[in-house]
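Subject: Structure handover and findings

Dear colleague,

I am passing on the structure that we spoke about, together with a written account of what was found in it. Please read the text alongside the coordinates, which are placed just below.

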Amino acid sequence: MELSPAARDDIVAHARTGAPEEVVGVLVGERGPTDRVTRIERATNAAATPETRYELDPAEQLSLLESVEAEGREVVGFYHSHPNGPAGPSATDAARAAWDGYVYAIVSLAGEPSLGAWRWTDGAFEPLAVTVEEAGGETGGDERQ
């Protein structure tokens, strides 16, 4: 997955402002062999226990998805944060994943912020390399630590 610097910064900023609760949002850009995220759409975490779970309100999710499609952009996937945990999917994340073929990105704030990404395919998470574009459209190194 390739991220614009602004998208990466926005995900981290959202996670920081939302801590100690988990935050959630939509990854917007272009799907393809290498998914490209150009921006994000923040969403409200509607989980009953937002300190340890995330949930998109179905009505808000529909509204965000329709807005993205109306712009001629694509939903690449979703992101959420782990304020005190690793940038990897938990058993709960796997049990709740529903968008086959889409990206699930997780930002961890445990220590220096780190961002990981996985594609949900056939009931399992497949790890993805995460690169951040540099000036001039070049891509930087892997974000996962």
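Strand β2 (residues 24-30) is largely enclosed by the rest of the structure, because six of its seven residues are buried, where buried means under 20% relative accessible area, exposed means over 50% and partly exposed lies in between, with a 1.4 Å probe and protein chains only. Helices (H or I, at least four residues) and strands (E, at least two) are DSSP runs, numbered from the N terminus.

Before going further, please note that this is a predicted model, in which local features need pLDDT of at least 70 and side-chain atom pairs count only at pLDDT 80 or more, while totals for chains, interfaces and linings use all residues. Residues are numbered from 1 along each chain as its sequence is written, and side-chain values use heavy atoms, with hydrogens and water left out.

Strand pairing

Two strands are taken to pair if DSSP finds at least two bridges between them. By that criterion β2 runs antiparallel to β3, to which seven bridges join it, and β2 also runs antiparallel to β4, with six bridges between them. The β2 and β3 strands form a hairpin that has five residues between them.

Overall form

The protein chain has three helices and nine strands, and from the N terminus on its elements run β-α-β-β-α-β-α-β-β-β-β-β. Its radius of gyration is 14 Å, close to the 15 Å that the globule rule gives for 145 residues, so the protein chain is as compact as a globular protein of that length; the radius is taken over C-alpha atoms, and the rule is 2.2 Å times the number of residues to the power 0.38. Taken along the principal axes, the C-alpha atoms fill a box of roughly 40 × 35 × 30 Å, and 50% of the 145 residues count as buried.

Nonpolar cores

A nonpolar core here is a set of buried Ala, Val, Leu, Ile, Met, Phe, Trp, Tyr and Cys residues joined through side-chain atoms within 4.5 Å. The largest such core has 20 residues, of which M1, L3, I11 and L27 touch the most other members. Two or more residues each come from α1 (5-18), β3 (36-43), β4 (74-82), β5 (103-108) and β6 (114-121), and α1 gives the most, with four residues. Apart from this core lies another, of 18 residues, which includes V28, L56, V68 and F78.

Largest pocket

The largest pocket holds about 200 Å³ of space. On a 1 Å grid over the protein atoms alone, a pocket is an open set of points where a 1.4 Å probe fits, with protein on both sides within 12 Å along at least five of seven lines, and lining residues have an atom within 4 Å of a point. Grid points are joined across faces, edges and corners, and the volume is the space filled by probe spheres set on the points. The lining consists of Y54, E55, L56, Q61, F78, R96, A98, W99 and Y104. By class, these are six nonpolar, one polar and two charged residues, with Ala, Val, Leu, Ile, Met, Phe, Trp, Tyr, Cys and Pro counted as nonpolar, Asp, Glu, Lys and Arg as charged, and the others, Gly among them, as polar.

Local points to check

Most residues other than glycine have a negative phi, and most peptide bonds are trans. The peptide bond from A19 to P20 is, however, cis, with omega near 15°, and P20 is found in the loop between α1 and β2. D122 has a positive phi of about 50° although it is not a glycine; D122 sits in the loop between β6 and β7 and is exposed, with a relative accessible area of 70%.

P127, in strand β7 (residues 124-128), counts as exposed at 55% relative accessibility, and its C-alpha atom is separated by 9.9 Å from that of P89, 38 residues apart along the chain. V130, in the loop between β7 and β8 (131-133), counts as buried at 0% relative accessibility.

With kind regards
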